[in-house]
Amino acid sequence: MRVLVLVMPRLSVQLARREAPELRGRPAATVQLRGAGPVVAAASAEASAAGVEAGMALEAARGRCPALAAVPAKPAAELDELERLAAVLRAKATPHVAVATREAVAADLAGLEGRFADELAAAEALAGLARAWTGLDVRAAVADTWQEAEAAARAARRAVVCPARGETGALPRREGLAVRLAGPVTGERLTGALERLGLVLAAHDASCRGLEVAAAVAGGEVRRWQRRAAEPLHRGHELAALVRPLAPALEEAATLEVRVLGAGPSVEAAARRAGPALRERPAAAGAAARQLALAS
């Protein structure tokens, strides 16, 4: 199976600039709140050239680039944009499409041989379709696996086709993530189960948009609830907070299943630890000096 990946590099920044055109051409970054404060989720090319990197504390980023414009990241909007593009590809090209990462969509090219002259033509055509629908920078690559195709697309300015090596790779799948409990369903046991489900999300590098709760009570009746969140969820305590209002109704359950809804890639900015020497190093120190600081 050959896979096409469409990458929208720096998607978080692209969406911010689409919403606020005055950010175009300026060093800019989107930020997410973490325990110690805001961290960079994504940096524009101009900010990256000044030494700003994803995961940096905003304070350190502004130390490197005083002119940096920082705006809140909108993870839900990123996933919505990816899902819209996936829906367009399903309607216009192939039903075999999946959101691969927080900036990429993957599609299986099997069955499209008769519609395009070759893989390069397919990549160029579908990348053009993606640009037309999103109005964003989109890069494309075809390879044996979606991971190889994503790496190639990020490194290219135009559509590329990687040599075939005979490997096969499935599209990323995150469906079916769930935990189950046999009664009695106490608040403590429910919280513990949702903490485990959060660990499952982390193991799949995934997030979710909500939860479906199914409780079987005496007599065989099954009661169902769906709880949706405004922002993507990643951790067990976030899942527990979403389900907590249902706790009184779940105490009578003989068995309980909690299943994730809208599973997708993680859109969480991972904070990067940097020592004082790296924070104080001026932007002009250059990439080599930054690598030495990271290695120390």
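In this predicted model, strand β2, spanning residues 28-34, pairs with β3 in the antiparallel sense, and six bridges join the two strands. Two residues separate β2 from β3, and the two strands form a hairpin. Within this pairing, Gln 32 stands opposite Val 39 of β3, while Val 31 has Val 40 of β3 as its bridge partner.

Strand β2 also pairs with β4, here in the parallel sense and over four bridges.

| Residue | Partner | Partner strand |
|---|---|---|
| Val 31 | Val 40 | β3 |

Together the three strands form an open sheet of mixed pairing, with the order β3-β2-β4. Its edges are β3 (37-43) and β4 (69-72), each of which pairs on one side only. From one strand to the next, the twist averages 45°.

Helix α1, formed by residues 11-19, lies across β2, β3 and β4 and runs at about 115° to β2. Of the seven residues of β2, five are buried, each with under 20% relative accessible area; the strand is therefore largely enclosed by the rest of the structure. In a regular strand, side chains alternate between the two faces of the sheet.

Methods:
Residues are numbered from 1 along each chain as its sequence is written. This is a predicted model: local features need pLDDT of at least 70, side-chain atom pairs count only at pLDDT 80 or more; totals for chains, interfaces and linings use all residues. Side-chain values use heavy atoms; hydrogens and water are left out. Two strands pair if DSSP finds at least two bridges between them. Axes are lines fitted to C-alpha atoms, for helices over the stretch in contact, and angles run from 0 to 180 degrees between N-to-C directions. Contact means heavy atoms within 4.5 Å. Buried means under 20% relative accessible area, exposed over 50%, partly exposed in between (1.4 Å probe, protein chains only).
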